[in-house]
Protein chains: 2
Amino acid sequence: MQALKNRTWILRRRPEGDLRNDDLELVDAPMPTPGEGELLVRNIYLMIAPTNRVWMSDIDQYMAPVGLGEPMRGMTMGVVVESGNPAFRAGDVVEGPMAWQEYSIVRHARRVPLQHGLPLHAYASVLGSSGLTAYFGMTDIARPRAGETVVVSAAAGGVGSIASQIAKLHGCRVVGIAGGERKSRYVLDELRLDACVDYKQGNVLEALRAACPQGIDVDFENVGGEVMDAVLALINVGARLALCGMISTYNATGDWWSPRMFRNVIMKRARIEGFLIADYLPRFDEGVAQLAEWVKAGEIRYEVDIVDGIERAPEGLNRLFAGANVGKQLVRVAPEPSL
Amino acid sequence: MQALKNRTWILRRRPEGDLRNDDLELVDAPMPTPGEGELLVRNIYLMIAPTNRVWMSDIDQYMAPVGLGEPMRGMTMGVVVESGNPAFRAGDVVEGPMAWQEYSIVRHARRVPLQHGLPLHAYASVLGSSGLTAYFGMTDIARPRAGETVVVSAAAGGVGSIASQIAKLHGCRVVGIAGGERKSRYVLDELRLDACVDYKQGNVLEALRAACPQGIDVDFENVGGEVMDAVLALINVGARLALCGMISTYNATGDWWSPRMFRNVIMKRARIEGFLIADYLPRFDEGVAQLAEWVKAGEIRYEVDIVDGIERAPEGLNRLFAGANVGKQLVRVAPEPSL
């Protein structure tokens, strides 16, 4: 197989601000061979997430940044082509921390739990890291109670769309925050949230205040910046803010955003708690089973936003920062196999 | 008794920045008479706390600000002179939300639990709101585990001095932050903490980094500002930040301080949680009993910093903001009775 090429995105330069064309380079890498304990995987989906942008920056974060000259790390899903691990064999569908490339070598892959009988892109979205982030962030960190007001920012996105529906299933009044007419309609008509604040329409604070006449008890935060500042100004006593992401600030140069109205954390005896989905790995089966049940019962809807072709991976990431995607952003590198 | 005068501090103007002389006025108010269910209390101690300054500001907070022209609210301790409540009688020692004045009327007072056999100023400090704030904030919010590194800011103050010793009793490495040579010596020699960072000596971040070679697992935060920014930069995965106060910002005009390195709340999966001692009222007996046991066993030391005379109440408050006090700041309005 050494003659085959393996198109791979290499990080060439640390982006300053928005990702630019020559920060990454698509190269023809040689086809890799798996060593003992490793798998060779043909990638089908790159699961694009805002945190991919963070990995490009040389800052203290939850794992090492991607090194310059290295393949761009990504969570991907694919089919095992060759296995050096007796627990897997060719044809298995796996996901894990691999890279933006056509074929990856991986040591720590997770078998995709196909028994739930849904299309593969469901496992790359609502039953994958995004859905699990929503599930554990909402049920374990935010812990909404029936009748409470829950705000979810980036409510039309891959995580927010699931998190907000989970809060609805808990009997809450759920207010989404999203950008633009199309996403607002999606939030109201498809996700069936109680209200949607379009942050592109002007004063987020006043719009959010109007949408939350009883104040805010829970915030599932994906955005940070002005949006979270508005939330902090409106929280009730005992509020919980599950800090999932701060996409508004990932492209910042220099310091990241600092929250205003931080005093309300004391005044309202609030809890702000950050979390990462990787910490919940031992409980993934529980989360997938619950999400699959909700999806099959029609209680949770999901959307995927697919761009085709490895060459479009950076475009996929930029769609998140431009607010272009509805639902989970995927880059399809190869066709879905028939399951 | 109507002929007697009752010297009372009245809030005349909302302070801008530091408290100024004519923000408050000491007047000769008439002696009040308790109605049904009320007590007339001769105040002995005004328990001075940074939050008193917040009450003077017209901002959304955890209770209504003090109104202009009204007596300055304060937690005080005193002796019942006349009781309109059958559960209390003259001579009882009580504490509660009263005012900076010689005599107060109060409806919701708490009987001071004198059975622990300590001097009255102990009940106004280590066994009062300050000690209980330290106790519940550390054991219930911060929850340190043996071997962890705990940072306590304002470590020589009324709350921090107790909180830091409680963390020592949990088997932690405890690093205090305090201002100046005298307070640093107190923290090391009397409180017996493992290290003390003198924030007046320059670079807090680098000094704190040196004092916390294993990073920071728990922060008991009384100060905010540059001090908490340094803590946020050094926290470990799973850190807990019990947000008790932010004295560095209470005198601010306009916006309060916004924390930098807020991204670490995600990167380190940290929890920042605000709390107020009033929420723990149902558990006060538990806290007082534990603190009294520690004090009597010599495991917790405490200090009170007393200024004498109702006319010096604003000076008492200013001592907190100038960092002049060691231990709990009290204003003594009348002599301690013999118990």
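This is a predicted model: local features need pLDDT of at least 70, side-chain atom pairs count only at pLDDT 80 or more; totals for chains, interfaces and linings use all residues.
Strand β11 of chain A spans residues 216-221, and six of its six residues are buried, so the strand counts as mostly covered by the criterion of 20 or more other C-beta atoms within 10 Å. β11(A) also pairs with strand β12 (residues 235-243) of chain A, again in the parallel sense, over five bridges.

The next step is from chain A to chain B. Chain B is superposed on chain A by a rotation of 180 degrees with 0.0 Å of shift along the axis, at an RMSD of 0.0 Å. This is the relation of a two-fold axis.

The contact between the chains draws 25 residues from chain B and 26 residues from chain A. On the side of chain B that touches chain A, the elements giving two or more residues are α8 (264-267) and β13 (271-274) of chain B. Of these, β13(B) gives the most, with four residues. By class, that side of chain B holds 14 nonpolar, three polar and eight charged residues.

Strand β13 (residues 271-274) of chain A pairs with β13(B) in the antiparallel sense over three bridges. There, A:I272 has B:I272 as its bridge partner. Because 100% of the interface residues of chain B are also interface residues in chain A, the copies meet through the same surface.

Methods:
Residues are numbered from 1 along each chain as its sequence is written. Chains are lettered from A and ligands numbered from 1 in the order in which they are written. A residue is buried if 20 or more other C-beta atoms lie within 10 Å of its own, exposed if 12 or fewer, and partly exposed in between; C-beta atoms are placed from the backbone. Two strands pair if DSSP finds at least two bridges between them. Copies are superposed by least squares on the C-alpha atoms of residues with pLDDT of at least 70 in both. Two residues are in contact if their C-beta atoms, placed from the backbone, lie within 7 Å. Ala, Val, Leu, Ile, Met, Phe, Trp, Tyr, Cys and Pro count as nonpolar, Asp, Glu, Lys and Arg as charged, and the others, Gly among them, as polar.
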